[in-house]
Amino acid sequence: MTSQRCLFTPKMTSVLLSMGLFAASVGIPAIMPPALAQETRSLSAEQEVALKEAERLNQKVMQLYQQGKFNEAIPLAEQALEIRRRTLGENHPAVAQSLNNLALLYYRQGRYSEAEPLYKQALELKKRILGENHPAVANSLNNLASLYQSKGQYSEAEPLLKQALELRKRILGENHPDVAQSLNNLAGLYSSQRRYSEAEPLYKQALEMNKRILGENHPDVANTLNSLAALYQRQGRYSEAEPLLKQALELSKRTLGENHPDVANTLNSLAFLYYRQGRYSEAEPLFKQALELSKRTLGENHPDVANTLNNLAAMYESQGDSERSLSFLTQGMQIEERNLDINLAIGAEAQKKSYLATIATSTNAAISLHLQSAKNDPNAARLALTTLLRRKGRILDALTDGLQRLRQNLTPADRTRLDQLAAVHTQLATLFYGGLGNLTPEQHRSQITQFQQQANQLESDLNNRSAEFRTETQPITLEAVQRQIPTDAALVELVSYQPFNPKAKESDYWGKSRYAAYILNPQGETTSSDLGETDPIDQQIEDFRQALRSRDFKIKAIARQLDAKLMQPIRQKLGNTRKLLISPDSQLNLIPFAALVDEQNRYLVETYEINYLTSGRDLLRLQNHSPSRQPSVIIANPNYDDPGDVSSAQIVRSKAVAQSSQRGTQPRSTDLAQLKVGSLPGTAQEAAAIAPKLPGVTLLTGSQATENALKQVQAPRILHIATHGFFLEDVPLSTTNLSRGAFGDRASIELRLNPGARRSPPKPGNTENALLRSGLALAGFNPRKSGDDDGVLTALEVSNLDLRGTQLVVLSACETAIGDVANGEGVYGLRRALVMAGAESQLISLWKVDDAGTKNLMVSYYDRLLSNTGRSDTLRQTQLEFLKNPAYQHPYYWAAFIASGNWQPLNSR
């Protein structure tokens, strides 16, 4: 006996409708506030003149805002803010007012990244000067919530809207226009989340209040009519929506004038209603009016302009006019790309994900247009693949690039923030794996929530700081990526997408998820293949993974079945290409393509050299090299019972470890429910064999292989870690799965789940950070003490390492390539963390690996790697060697490890 080691359903309205779901408060008074007037009397004559000029500017700003002339209003609002700051100082209500006004103008132009910090400053200033219970505070809460809603940050918007509503009711009374506005805005949020039964009564209440208080002929009435119509339209209640939209359009024109963005908004909504009813001749001119008016009043690159362009694309596709559909969709997505580039430069990861989700429908629409409506159109194929290259793995790129920019321009303050973020991540990991201790479950959850909030704030601050060093970049193009593909290779971009049916009713817009492949060669046009629905393929993937893990003797038959669905259609487009750069998606991230079997009953490793990328866009990033800052580092055979001491955190250079003849008896993984792990003799042998091959190597074993020591590593040429690895399945954190014995009960519950089982999407607020649930065991793991840490190195902590210049990270442990799968964003686990840390390439595992077999594989791998063989070719040659060995022929032994990132030979940097 051998031993072991161890598409979402998008909201159509986020792209195809722009319904004016809220009316953000301007907050510009017609007369000077009393507090300001009182203070002005004690100022000099020159200062009084300046303040009067600021007030004149504000009056003009209000007029221009009401006319929808935001471009003209912004420089005047900036002047007014500067005057008030210079005259009154930073801490004055009038300054808060000007901050709010300028933020609102930026917001209405879609310049969210500029609006958000100003809204926050205004809110904080109002609270400090005016107190928590002031109408101006409610205005700021409302406006900030509206911004969050536009960015898809619904969970952040809702509590702010509820606070604003409650505050307005308490201060202003139940019958006030601002209360009606809050009701309308909260209803809009619910509608965006498809919570229609909650939204409708709030809309009706707001409409009745506005009519009663403001009169029938008021812009707020038009706004609520428009919003209620949008709700009906999303539910397919067209006969109820149409008269409301017509009323709203007529009222907006009469009260705001023909040339106002709100008029364009309603035109777009009414046109969309006609399109959905097949009334194309009525819809088309209204769409074009809305488009022209939005461009003129909001600018060419406003999200509303993109919405209308995308609506036109859907309408033409429903008529079978794929040429015009492609033209308008291309224009709309160009605007989205520009805004995406701006908005992903700031904020924490959760905020970036929320914003990307607001335009996810157009990603699906582009792929669907090509594969469902325009299969033979090369321009449709180009748009689909270009969209994938731009959006797949985009958040990971934004996080990685931002962190590297920051480290290249590091100030002492930035260094402090980075250290604070690393410390918070460590505290989170310690809480997560240290159990309740003396805390109650409620206290434990509260502390975890507190640290998560601290981490999010620090991450957001660091990303915002990094954005200051951001330079203008050229959009990602198919040609730029194509130039980086080796002459003997092909890029295989895989995607899980939802087909779009523009003629279907709202509930059937999006079909069942499907897999597709786009193949890009160094020359020539893009080719593609629709591979079929994801559900049956995912089931085959699970059968394949189970057969690999269990060493099923029927593995070839199972692998052949999956290959027939997955790779056989792709091979037909590859010609004589034998080097594949594969960018998987969804569950395809969790399989070794090398172990699939072709029509000749051969494993694909026998024919192809395979390397993995998060996205084909990686080919551009991999051209940027940083120098290594220290020789290679090996961490192996930790003493899991000995925590070492603080001194062991210092890097100690050693030539080799003693040879051990004992055959491994442990899996390089751990059942965390047992809380303790055993030694891995094979890792000692592995380190002893590899260390002499690496010049100047630093070797950390036994009690020196601490978490502290690893965190001090600075971009070694190669980082090799041989130990126990783990990945925990996702379960809600609750009082029933926390124990006082470290993390025993939680781990045992999670590890009883099938590691390959397909999981439901995680529920916000119920799910731990995915990077907390995978990691490595180091010295002191059993007593949970490793120098100053706990011996559990989570992926979250790995992401804080500085590995810029590290050419290769080898995780010789179990399940280091798996984690939570996110469509379009890869795997949330150690592999993602290593990319964020800056590592060029990784050798990582997909299941629990054999200790002795892995030792032999690693030794053979390094012999080839250090003879200037390419990183992925090295792995392939080693796998072929194992395939010929009767003891290791099953792919369980040779296919567990995959090569990701840079596939080329190591260089001498």
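1. Start with Ser252, which touches Ala222, Gly257, Val263 and Thr266 once residues up to four places away in sequence are left aside. Keep in mind that this is a predicted model. Ser252 belongs to helix H12, which covers residues 238-256. Is Ser252 buried or exposed? Its relative accessible area is 4%, and buried means under 20%, so Ser252 counts as buried.

2. Next, have a look at Leu141, which you'll find in helix H7 (residues 135-150). Leu141 is buried as well, with a relative accessible area of 4%. What does Leu141 touch, not counting residues up to four places away in sequence? The list is Leu123, Leu160, Gln163, Ala164 and Leu167. Take Leu123 from that list: Leu141 and Leu123 are separated by 18 residues in sequence, and by 7.0 Å in space from C-alpha to C-alpha.

3. Now for a pair of helices. Two packed helices are described by the angle between their axes and the distance between the axes. For helix H16 (residues 322-343) and helix H19 (residues 378-391), the angle is about 15° and the axes are 11 Å apart. Angles under 35 degrees count as roughly parallel, so that is the label for H16 and H19. The crossing of H16 past H19 is left-handed.

4. Who meets whom between these two helices? On the H16 side you have Leu326, Leu329, Thr330, Met333, Glu336, Glu337 and Leu340. On the H19 side they meet Asn379, Ala380, Leu383, Thr387, Arg390 and Arg391. Sorted by class, the contact of H16 with H19 holds six nonpolar, three polar and four charged residues.

5. Last, a sheet. Strands of a sheet pair through backbone hydrogen bonds, either parallel or antiparallel. Here three strands make an open sheet, ordered E9-E10-E11, with antiparallel pairing. Which strands sit at the edges? They are E9 (725-727) and E11 (792-794), and each of them pairs on one side only. On average, neighbouring strands of this sheet are turned by 25° against each other, direction ignored.

6. Zooming in on that sheet, strand E10 takes in residues 774-777 and pairs with E11 in the antiparallel sense. How many bridges does this pairing of E10 and E11 run over? There are three bridges.

Key. Residues numbered from 1 in each chain as written. Predicted model: local features only at pLDDT ≥ 70, side-chain atom pairs only at ≥ 80, totals over all residues. Heavy atoms only, no water. Pairing = 2+ DSSP bridges. Helix = DSSP H or I, 4+ residues; strand = E, 2+ residues; numbered from the N terminus. Axes fitted to C-alpha atoms, helices over the stretch in contact; angles between N-to-C directions. Buried < 20%, exposed > 50% of the residue type's maximum accessible area, 1.4 Å probe, protein only. Contact = heavy atoms within 4.5 Å. Parallel < 35°, antiparallel > 145°, perpendicular 65-115°, else oblique. Left-handed = near helix turned anticlockwise from the far one by under 90°. Nonpolar A, V, L, I, M, F, W, Y, C, P; charged D, E, K, R; others polar.
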